[in-house]
Amino acid sequence: MLKHLELRRDVYYDSVVLFQASSQLRELDGIDECLVAMATELNIRLLHDLGFKSEDTDDTSTSDLIIAVQGESQEIIGRAIQVLDSNLESQATPRSEPDSTQIHRSLGRAVRAANANLAIISLPGPHVAPEAADALREGTNVMIFSDGVSIKEEQKLKALATSHDLLVMGPDCGTAQLSGVGLGFCNDLSPGQVSIVAASGTGAQHLSCLLDANGIGISSIIGVGGRDMSDEIGGSSTLQALRILDSDTSTAHIALISKPPGKKTVRRINKIIKSLDTPVTIGLIGDPGVDLTKVAREIATTQNLPFRKPRLKLSGAPATGGQLIGLFSGGTLASEAAQIITDTAGPIAGIDTFEIPTPQAIADRKDNVILDLGDDRMTMGRPHPMIDGTLRCKIIKELTLKPAPRLLLFDIILGFGSNPDPAGEIANALDGFLRSHSKARAIASVVGTSRDPQGLDQQWQTLTALGCDVYESNAEAASAIALDLLTNNGKSESTHA
Amino acid sequence: MPNSLVSSELRIATAGIDPIDDALINQSSIPTTTQWNLPSDPSLAPILSTIALSDAVTSANEKALACLTSARPHLIGIDTAANAVGLEKGTFLHAGPPIEWERTSGPLRGALIGAALLENPDETPEGAIRLFENGKFKIEPCHHRGAVGPMAGVISRSMPMFVIEDSITDRRAYCTLNEGLGKVLRFGAYSKEVIDRLKWIEKVLAPIMHETINTGDPIELYTIVSEALQMGDECHNRNRAGTSLFLRAIGSNLIKLKRPSSDLAACFSFITSNDHFFLNLMMPAGKLAADSARDIPGSTIVVAMARNGTDFGIQLSGTGDEWFTGPCAVPKGLLFPGYGPEDANPDLGDSTIAETVGVGGFAMAAAPAIVKFVGGTSDLALASTRAMYDITVGEHPLFRLPPLNFRGTPVGIDAALVCRTRQVPFVNTGIAGKQAGVGQVGAGLVEPPIKCFNDALRHYGEVSKDWFSSH
């Protein structure tokens, strides 16, 4: 082993820079030990401990740099000194500006950094409230896409929002459109002066698409979450949304879409609506005689705009009645259809009549059933049926194996966020179903606009080519079935025993 | 001002699934995204939710933050530990949360033996060990007596201590005088050289310092901390500027003392030869600030982080004197020449009071030089400080960071935010040798165990039930 010691006079390096330089040198092959340090008393003692002779360092000051290297050969030591020099040199080279891209570990901090006016949350339900609360405390409106937020948390979040004059959209708010930007499941709509407040995402989609088809554009869609108009929440977000839209100069008309609300909440909301300057059309889907197509027509009428008859294309197959099975991806579309058919042809069973709604159990039913496949009980552990229609295809394949012919009713929902080709996804199963029985029939309602990425015409073509009846209006599709059932089956008195 | 959600351009921040972000990007509305994590213990979700939704917790934490940042610590003199913290014969203080002698690590053991020898010159190391073993000598955390100690943090009754007073609350905190580098008691050394130096500190340095301090006005310590942050210190692992500023503050009064000039010169050069002299002033100054934020019902703010070489412990403002502990990690960093990773002792010392009050690792952006301890770049220094804003409730009004456009340092660690983000505080530290008496073997960063924070939050949830129902 060779020992090499050199002194560099009157230079200064930070001790940490030198620690690092030393440890880099020690890692070189053939270098046994080294010390690169300012010549302080402590370091000179260290130098002696490493076996370097003391007289070499008699005449030093703390502004001198000691370089002591112990290595296998002169050549190795020489190379080490070169490495050291280039390391020390690089310390003096200016670096580029620090990276300004920053990680945000909580939504509140992201909101602060972006000076955001909207925070969107799609986290697992139990972890939503802290992020939402932080965003509200930062003064930002919140959209909660997630479900699984407790009603108590929803109450507290909405109280917090109200105290800061902010809006909470959701929980379980799947659809919104603000400033022309679609949030969640939303269609490509032409701009206009009608705004929608909706406790129902697919309801808002269907209404806005019907209006769009009649040349009536949309300003904003504000989702409030399915529970907002229950008496437990009291319509907190609905009231706030109505206030916001009333003061919005680009909103001339407001549509309010919900399942039938709690009694107290109805009174509260009606009181507010009377105090607004902007006219409001209310559509409580699930109440007898109310459907989205009627709401759309009413809006057109109040604005003195024409509303054409919704499009439909029939396969020509004769209506022969049979057992109805409705497989919906949109919850409001399912309840709208169930209400219309019940009004005319008698009770329809829903998902709550199943112990476990497996494809097999669903196909085995002998009564008329309409199911919301987006219901929490159906979406556990799988994506929403608007994104992934696998479950619906499975049920249709089960139906194909049954001896009795069925009347199949379903929806196809287009737009941002939805499956890129929902009709194509179901086509194979549907083809098998329609071929299995001469009397099997399939009726579809298609929600979408001509600008939606899936292609409205193409989706219609796929379905009509298979032999489906296709409707632009979900209510009209349901009415046609109701009439068929009444004509051919008669009015049923009770649901599944 | 009415809510302008529908009338202004959207500026969106998101937390959650990618498809939501992708859909926004497709519509040319670029969201600011959150790098969200499940909580460190997902079963804490209900209490984390209750905390975040509570206005009362928010105001309790604001109050804690106000206390943390409004303290104005002054150095007013020096007194013995016997007087300052009422230390009884046979009782010794140590860094970190409470610990039994049997579980102490090498450096703490060595320091306790050294302190026992200092107080009892006729005793032998073996005799001292027996006295600790059989409980004749008692040990207790510095934190329980309003004191803090670096590394082993051992304090015995004859040791002189800096007396720091908060001009706002008249509260006091105490710390010993820093012994310098190399073989020193705080790293567990107890040879004659160590004891002799402690005696010199007691007989020469302490009286001179006391007289110097009392010759002028009380020395405002937070002014020095603020200035040191502008001069490349982060005031935990680097105290070169702080020590220099302190010496400048006392220098003229020191040399005017009517004392032997050899003694004055010895004191002067003792301080100049030890960059960490100011650490023992910064620490009690921080302790004063942290103590003023204690015992605020409902607050989730951390008021102490400390290590005894075996356990890392934290205390929250809203959970009184309870310590929440987890195993100390071995710091990651740069080792001095001649030492390897096997020489390093698990994390040690009360000096994490620095991070508790918004300096140290939290002010890393101010001290790019020492980011090299962890093999990093000055970019990493900025990123480290920035990360700490995500787990703190405020920014320090006095401690400003030039590289972040003079933004205040992140201060007020919220245990709830730590659990929610899984981001533990960045803690700078010296690395002690594992063998008693070896001394400092390096410096680096250490990760506090997340268990402390999980346990603290769980306990907070249990003891705060009544408080929540009445708020």
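Is A:D165 buried, partly exposed or exposed, and how many other C-beta atoms lie within 10 Å?

A: The model is a predicted one. In it, A:D165 is partly exposed, because 14 other C-beta atoms lie within 10 Å, and a residue counts as partly exposed when that number falls between the limits of 12 or fewer for exposed and 20 or more for buried. A:D165 belongs to the loop between helix 6 (151-163) and strand 6 of chain A. Its backbone deserves attention: A:D165 is not a glycine, yet its phi is positive, at about 55 degrees. As a general rule, most residues other than glycine have a negative phi, and most peptide bonds are trans.

The next loop to consider is the one between strand 6 (168-169) and strand 7 (175-178) of chain A, where A:P171 is found. The peptide bond that leads from A:G170 to A:P171 is cis, with omega near 0 degrees. The loop between strand 6 and strand 7 of chain A also holds A:D172. A:D172, which is not a glycine either, has a positive phi of about 60 degrees.

The wider setting includes the contact between the two chains. Here 64 residues of chain A are in contact with 54 residues of chain B. The side of chain A that touches chain B comprises 35 nonpolar, 16 polar and 13 charged residues. Strands also link the chains: strand 4 (residues 118-122) of chain A and strand 1 (residues 12-16) of chain B run parallel and are joined by 5 bridges. Within this pairing, A:L118 stands opposite B:I12.

The axes of helix 7 (residues 192-215) and helix 10 (residues 261-272) of chain B come within 10 Å and cross at roughly 85 degrees. Helix 7 and helix 10 of chain B are therefore roughly perpendicular to each other, because angles of 65 to 115 degrees are counted in that way. On the side of helix 7 of chain B, the residues that meet helix 10 are B:V204, B:L205 and B:I208. Their partners in helix 10 of chain B are B:D263, B:L264, B:A266, B:C267 and B:F270. By class, this contact between helix 7 and helix 10 of chain B has 7 nonpolar residues, no polar residues and 1 charged residue.

Notes: Residues are numbered from 1 along each chain as its sequence is written. Chains are lettered from A and ligands numbered from 1 in the order in which they are written. This is a predicted model: local features need pLDDT of at least 70, side-chain atom pairs count only at pLDDT 80 or more; totals for chains, interfaces and linings use all residues. Two residues are in contact if their C-beta atoms, placed from the backbone, lie within 7 Å. Ala, Val, Leu, Ile, Met, Phe, Trp, Tyr, Cys and Pro count as nonpolar, Asp, Glu, Lys and Arg as charged, and the others, Gly among them, as polar. Two strands pair if DSSP finds at least two bridges between them. Helices (H or I, at least four residues) and strands (E, at least two) are DSSP runs, numbered from the N terminus. Axes are lines fitted to C-alpha atoms, for helices over the stretch in contact, and angles run from 0 to 180 degrees between N-to-C directions. Angles under 35 degrees count as roughly parallel, over 145 as roughly antiparallel, 65 to 115 as roughly perpendicular and the rest as oblique.
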